[in-house]
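Me: Please take a close look at how the two copies of the chain are placed against each other, and then follow the elements that take part in that meeting back into their own chain.

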There are 2 protein chains.
Amino acid sequence: MNTAVVLLSGGLDSSTALAWAIKEQGWACHTVAFDYGQRHRIELQAAARVATALGAHSHRVIRVDLAAIGGSALTDDIDVPKDAPDSTGIPVTYVPARNLIFLSLAAAVAETVQARHLVIGANIVDYSGYPDCRPEFLEAFIRAANLGTRSGTAGQPLEIAAPLITLKKSQIIALGRKLGLDYGLTRSCYDPRPDGSPCGHCDSCRFRRQGFAELQLTDPLHYPGD
Amino acid sequence: MNTAVVLLSGGLDSSTALAWAIKEQGWACHTVAFDYGQRHRIELQAAARVATALGAHSHRVIRVDLAAIGGSALTDDIDVPKDAPDSTGIPVTYVPARNLIFLSLAAAVAETVQARHLVIGANIVDYSGYPDCRPEFLEAFIRAANLGTRSGTAGQPLEIAAPLITLKKSQIIALGRKLGLDYGLTRSCYDPRPDGSPCGHCDSCRFRRQGFAELQLTDPLHYPGD
């Protein structure tokens with residue numbers, strides 16, 4: 001059986017990517033979540049729940065102090081935008097080099113568990129503003145990772161899989177539902193309320209709700225005012 | 001004045017690379033050290049000392065829990081080899097994907113401080129066994145980093161400088177001395193004794209002592225039995 005390391009935030013995208021890797025590919029999956037000083041820490045609990053529910057082989061939380069780097073609304077005291085108009089630039093919720101850092105740590109795990117695949121839930125439709133979600137970045141990353149690791153240089157190159165890269169949110173939800181994923185376990189909000197429920201108005205909540213609405217489905221999460 | 005982010009472990013190589021960036025290039029340097037669960041934590045104090053002594057613009061310590069990944073004598077309960085015969089393979093002190101992870105975090109800092117240069121003290125002479133010290137890895141890395149960051153995609157690409165890449169230890173020491181670096185501030189040992197003094201027998205100590213010996217100089221550090 002092939003082995004994979006899957007980046008798992010506990011959000012809608014990465015949870016669907018994990019369902020794809022386990023249920024559709026049949027890979028033994030080691031999931032990795034990151035405790036990076038994010039204000040939406042509740043996603044770490046969601047990641048653990050999703051890993052268990054889908055039958056991940058192991059689940060790790062790696063602490064990395066991105067708040068010491070700064071520069072993002074997700075780790076700093078910068079307000080998360082609510083009901084923001086669609087913009088073409090890079091949003092303030094962009095964390096500098098986040099996927100570069102997370103993929104690097106995942107590549108180290110892949111080397112340790114001798115995995116062949118690295119799975120990321122990146123998609124370019126809803127997150128076109130994030131440079132580190134683009135296929136050309138992912139390809140350049142895996143080339144660097146293989147040149148810089150023992151496994152890569154020993155002729156056992158790691159391959160990157162981004163199964164959602166061209167899917168829009170409603171297509172991702174449809175895929176996850178087909179694979180039996182319970183989206184009630186996942187969390188997407190960038191700025192959850194004190195009781196852990198989603199704000200309903202940040203970009204992440206908006207994309208998610210829109211995805212369910214397009215499918216004429218009800219998101220199992222409860223939003224304020226529902 | 002150009003700005004640089006410099007990976008600074010507090011060891012001989014990275015301290016010399018910092019001296020080169022500040023004294024020879026005239027760059028404003030932000031130094032980054034990593035608290036990664038290494039057993040030779042005394043190097044973190046050395047990094048702070050060296051950053052101050054050489055006049056770094058800022059110094060950061062970023063915590064990243066590589067021990068959660070495992071697989072290395074530098075973070076696990078695996079013995080650090082002493083007086084080991086020269087080998088051609090990758091040593092057990094190799095930390096999976098370490099430079100990939102450190103460079104990724106440094107690239108995030110570079111984006112935050114708007115640096116143009118990323119400086120690493122990697123060299124291929126003494127560390128030929130580490131795949132992540134090779135020039136082809138460093139070039140592939142910076143290409144990925146520029147594709148995955150806001151600054152890289154905005155036409156302000158980050159450049160990588162590895163000024164020691166082809167130098168052997170004695171040449172590195174000669175360069176640092178010419179630039180006024182006090183090697184008494186630096187620490188290289190992988191497995192220091194409880195009082196912080198170097199073991200004298202790990203690979204890192206051996207390369208360092210050999211470098212000073214070739215120059216017919218005395219290492220300012222005290223070794224057991226000196």
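Reply: Chain B can be laid on chain A with an RMSD of 0.0 Å by a turn of 180 degrees and a shift of 0.0 Å along the axis, where the copies are superposed by least squares on the C-alpha atoms of residues with pLDDT of at least 70 in both. The two copies are thus related as by a two-fold rotation axis, and in chain B the C-alpha nearest that axis belongs to Val64(B), at 2.1 Å from it. This is a predicted model, in which local features need pLDDT of at least 70 and side-chain atom pairs count only at pLDDT 80 or more, whereas totals for chains, interfaces and linings use all residues. Residues are numbered from 1 along each chain as its sequence is written, while chains are lettered from A and ligands numbered from 1 in the order in which they are written.

Turning to the interface, 37 residues of chain B are in contact with 37 residues of chain A, two residues being in contact if their C-beta atoms, placed from the backbone, lie within 7 Å. On the side of chain B that touches chain A, the elements that give two or more residues are strand E3 (58-63), helix H3 (98-113), helix H4 (135-147) and helix H5 (150-153) of chain B; helices (H or I, at least four residues) and strands (E, at least two) are DSSP runs, numbered from the N terminus. The largest share of this side, 10 residues, comes from H3(B). By class, the residues of this side of chain B divide into 21 nonpolar, 8 polar and 8 charged, with Ala, Val, Leu, Ile, Met, Phe, Trp, Tyr, Cys and Pro counted as nonpolar, Asp, Glu, Lys and Arg as charged, and the others, Gly among them, as polar. Because 100% of the interface residues of chain B are also interface residues in chain A, the copies meet through the same surface.

In chain B, 5 strands form an open sheet in the order E3-E2-E1-E4-E5, with parallel pairing, and two strands pair if DSSP finds at least two bridges between them. E3 and strand E5 (159-161) of chain B stand at the edges, each with a single partner strand, so one side of each is left without a neighbour in the sheet. From one strand to the next the twist averages 25 degrees, angles running from 0 to 180 degrees between N-to-C directions, with axes taken as lines fitted to C-alpha atoms, for helices over the stretch in contact. H3(B), for its part, lies across strand E1 (3-7), E2, E3 and E4 of chain B, running at about 155 degrees to E1(B).

Chain A can be read in the same way. Its open sheet has 5 strands in the order E3-E2-E1-E4-E5, with parallel pairing. Strand E2 (residues 28-35) of chain A pairs with E3(A) over 6 bridges, and Val61(A) in E3(A) is the bridge partner of Ala33(A).
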